[in-house]
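I opened my notebook to look up the fold and the charged pairs of this protein. Here is the model I worked from.

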Amino acid sequence: MTSAILHIPDARRPDIMVTKGDLDNLQCLLSIHATHWSWKSVEYLVRELMRATIVDESSIPTDIVTMGSRVEYREEGRNSNQVVTLSYPGEREFVDDAISVMTPVGAALLGLATGQSIGYPGPDGRPVTITITRVVYQPEANNRIRLKSGPRSMSGRVVSTSQDR
């Protein structure tokens, strides 16, 4: 696993992984639109990306939160879990439970694995700690399953290919 950007270890934060595709998309987003968001949100996301281990989409473990993942997490001190889909800004109209990666909680979720906890500054400046309870859906894992199962017709039946004959 190699990092496309400088990896900065931080003893207070768990190791995180980000896919090369997510990193590329987020770097592009930040380079074009960074001035549209709070500098604190931009700084937090950039710090998280700088310390992440960057991996190919095909090798990301299925329990890691990636862009487009549907994830269940618990905020310390709360009695219930929340389920959200980690999204790019502006995707709220397409995904009911979308949370933008440009929010502190969204940036904190990116790259975490099931069971990991992380703290981030809450709206009032006090630290908030969240723990990933499970990754409900991960796009990369879903793509690997679809590719393994072979081509399908519109009805969902497996289509034989010339290699199968």
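My entries below go from the overall fold to the salt bridges.

**Entry 1, the fold.** I began by noting that the model is predicted. I counted 4 helices and 7 strands in the protein chain. Reading from the N terminus, I wrote down the order β-α-α-β-β-β-β-α-β-β-α.

The chain has 165 residues, and 38% of them count as buried. For the accessible surface I noted about 9,900 Å², with 53% belonging to carbon and sulfur atoms. Of the contacts between residues at least 6 apart in sequence, 61% join residues at least 24 apart.

How many salt bridges does the whole structure hold? My search found 8. One of them pairs E48 with R13, with the closest N and O atoms 3.7 Å apart. E48 sits in helix 2 and R13 in the segment before strand 1, 35 residues apart. I looked up burial next: E48 is buried at 2% relative accessible area, and R13 is buried at 17%.

R70 belongs to strand 3, while D97 lies in the loop between strand 4 and strand 5, 27 residues apart. R70 is partly exposed at 35%, whereas D97 is buried at 17%.

E75 counts as buried at 17% relative accessibility, and R78 is partly exposed at 47%. I also noted that salt bridges with shared partners join R13, E48 and R51 into one network.

How values were computed:
Residues numbered from 1 in each chain as written. Predicted model: local features only at pLDDT ≥ 70, side-chain atom pairs only at ≥ 80, totals over all residues. Heavy atoms only, no water. Helix = DSSP H or I, 4+ residues; strand = E, 2+ residues; numbered from the N terminus. Buried < 20%, exposed > 50% of the residue type's maximum accessible area, 1.4 Å probe, protein only. Contact = heavy atoms within 4.5 Å. Areas by Shrake-Rupley, 256 points an atom, 1.4 Å probe, with all protein chains shown as cover. Salt bridge = Lys/Arg side-chain N within 4 Å of Asp/Glu carboxyl O.
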